[in-house]
Amino acid sequence: DGTMPQIMGEANLVLKAVAVSGEPDGAALEKLSGSVFGLRYSTEKDTLAVQFGVNVTVKRRGMPSGPDITIETMDQLHQAVFTRRILLGVVNGQFDMMGMAAPLLIKGRVAMRDLFVKESELDWDTILPEKMRVTWISYMRELVMTGQLVYRRCVRPEGRVEQFWLIVFFDGSDVAYAAVVYCRWLMEDGSVVVRLLCCKARVAPLQRLSTARIELNGAVIAV
């Protein structure tokens with residue numbers, strides 16, 4: 001028993017603020033830096049957002065030495081130096097806890113895998129050949145143009161539910177494999193509501209596997 005600060009204090013945690021869904025975005029949300037679990041959060045709209053950032057400058061002491069690429073500065077991508085080290089930073093810099101942006105982010109992971117093909121003979125600081133640059137410029141332009149992906153925090157619909165199904169799909173290819181989870185509600189009035197809950201996507205290994213085995217990998221991450 002006790003107040004929330006007292007309860008959290010037992011674990012040496014400090015309660016910064018309590019932000020309630022439905023209330024206007026305000027001081028409580030600002031104390032949480034406007035985010036929850038690394039995702040932008042709006043209490044007023046009750047939405048989460050995956051934000052995409054692209055920075056191709058060299059890091060100094062773990063921090064980029066220049067600003068992120070914006071729609072206005074996308075032309076700088078054509079003059080930027082691309083190395084395996086810099087591109088890994090771009091790929092790892094995207095955070096998507098629920099996998100909502102998996103169809104977009106898996107493109108970067110697949111392109112990153114291709115940089116490790118023996119025939120490419122690339123070291124961590126080797127400048128990419130022009131043919132590979134085209135693929136990465138296209139991918140980073142897509143990230144910048146998208147900007148962010150906003151989705152509902154709460155997936156349950158309003159109203160009385162008669163039946164609930166959790167539906168899982170999985171599949172695989174020579175490039176990647178994935179699993180996706182949907183929620184399906186049969187409402188009291190007979191209507192059906194289906195919403196995406198989460199997704200996982202993984203890059204297929206360079207060592208080629210049979211299609212059946214890759215599809216089974218999709219089943220594994222679906223569990």
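Helices here are DSSP runs of H or I with at least four residues, and strands are runs of E with at least two, both numbered from the N terminus. What I am showing is a predicted model, in which local features need pLDDT of at least 70 and side-chain atom pairs count only at pLDDT 80 or more, while totals for chains, interfaces and linings use all residues. Residues are numbered from 1 along each chain as its sequence is written, and side-chain values use heavy atoms, with hydrogens and water left out.

Let me start with the backbone. Most residues other than glycine have a negative phi. S33, in the loop between α2 (27-31) and β1 (35-36), is not a glycine and yet has a positive phi of about 60 degrees. S33 is also exposed, at a relative accessible area of 53%, where exposed means over 50%, buried under 20% and partly exposed in between, using a 1.4 Å probe and protein chains only. F37, in the loop between β1 and β2 (39-42), likewise has a positive phi, of about 55 degrees, without being a glycine, and F37 is exposed with a relative accessible area of 64%.

On a 1 Å grid over the protein atoms alone, a pocket is an open set of points where a 1.4 Å probe fits, with protein on both sides within 12 Å along at least five of seven lines, and lining residues have an atom within 4 Å of a point. The second largest pocket has a volume of about 210 Å³, volume being the space filled by probe spheres set on the points, which are joined across faces, edges and corners. Of its 13 lining residues, the closest to the centre are F37, L48, M97, M98 and R153. Its lining divides into 11 nonpolar, no polar and two charged residues.

The largest pocket, in turn, has a volume of about 360 Å³, and of the 18 residues that line it, N55, K59, P64, G89 and V90 are the closest to its centre. Helix α3 (residues 84-92) gives the most to that lining, with five residues.

Finally, which residue is buried yet has no salt bridge? That is R195, in strand β9 (residues 192-203), a salt bridge being a side-chain nitrogen of Lys or Arg within 4 Å of a carboxyl oxygen of Asp or Glu. The nearest side chain of opposite charge to R195 is E158, 8.2 Å away. A polar atom of the R195 side chain does, however, lie 2.8 Å from the backbone oxygen of V155.

Key
Nonpolar A, V, L, I, M, F, W, Y, C, P; charged D, E, K, R; others polar. Lys, Arg positive; Asp, Glu negative; His and termini not counted. Polar contact = N/O pair within 3.5 Å; in protein donor to acceptor, adjacent residues only side chain to side chain.
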